[in-house]
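This report goes through a protein model, its fold, its surface and its charges. The sequence and coordinates come next.

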Amino acid sequence: MRAFIQIRRVVYKENDLVEQLKQIKERLGEHDVQLNQIYDALENLLDEKAEQRKWEDRDRIGFKR
């Protein structure tokens, strides 16, 4: 009888762990989407800044006469 009770407890714990793993996978999927959106926004900002700055207009470095 005790063995069956232990088995039932283990099964309940496994079901709880499986549910927790499913929730973690869902959260990670959501985070991946959000991170990709952030990276895309950063790339767009960097591209805009690069376009604003022309090669000829940049400050020169090194020895100046």
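Leu35 is part of helix α1; helices here are DSSP runs of H or I with at least four residues, strands are runs of E with at least two, and both are numbered from the N terminus. The model is a predicted one, in which local features need pLDDT of at least 70 and side-chain atom pairs count only at pLDDT 80 or more, while totals for chains, interfaces and linings use all residues. Residues are numbered from 1 along each chain as its sequence is written, and side-chain values use heavy atoms, without hydrogens and water.

Leu35 counts as partly exposed because its relative accessibility is 41% (buried is under 20% relative accessible area, exposed over 50%, partly exposed in between, with a 1.4 Å probe and protein chains only). Together with Ile38, Tyr39, Leu42 and Leu45, Leu35 makes a nonpolar surface patch of about 480 Å². Patches consist of residues with over 30% relative accessible area and no salt bridge, with nonpolar side chains (Val, Leu, Ile, Met, Phe, Trp, Tyr) joined within 5 Å and like charges within 9 Å. A salt bridge is a side-chain nitrogen of Lys or Arg within 4 Å of a carboxyl oxygen of Asp or Glu.

## Charge

A patch of negative charge on the surface gathers Asp40, Glu43, Asp47, Glu48 and Glu51. Of these, Glu43 lies in helix α1, residues 2-52, and is partly exposed at 48% relative accessibility.

The protein has 14 positive and 14 negative side chains, with the centres of the two sets 8 Å apart.

## Overall form

The secondary structure comes to one helix and zero strands. The C-alpha trace spans about 95 × 25 × 5 Å along its principal axes.

Arg9 and Leu42 are 33 residues apart along the chain, and their C-alpha atoms are separated by 49 Å. For Tyr12 and Glu26, 14 residues apart in sequence, the C-alpha to C-alpha distance is 21 Å.

## Exposure

Buried residues make up 0% of the 65 residues. The accessible surface is about 7200 Å², and 55% of it belongs to carbon and sulfur atoms (Shrake-Rupley method, 1.4 Å probe; for residues, only the protein chains shown count as cover).

Tyr12, in helix α1, is exposed with a relative accessible area of 56%. Arg9 also lies in helix α1 and is partly exposed at 49%.

Terms used: Lys and Arg count as positive and Asp and Glu as negative; His and the chain ends are not counted. The place of a charge is taken as NZ of Lys, CZ of Arg, CG of Asp or CD of Glu.
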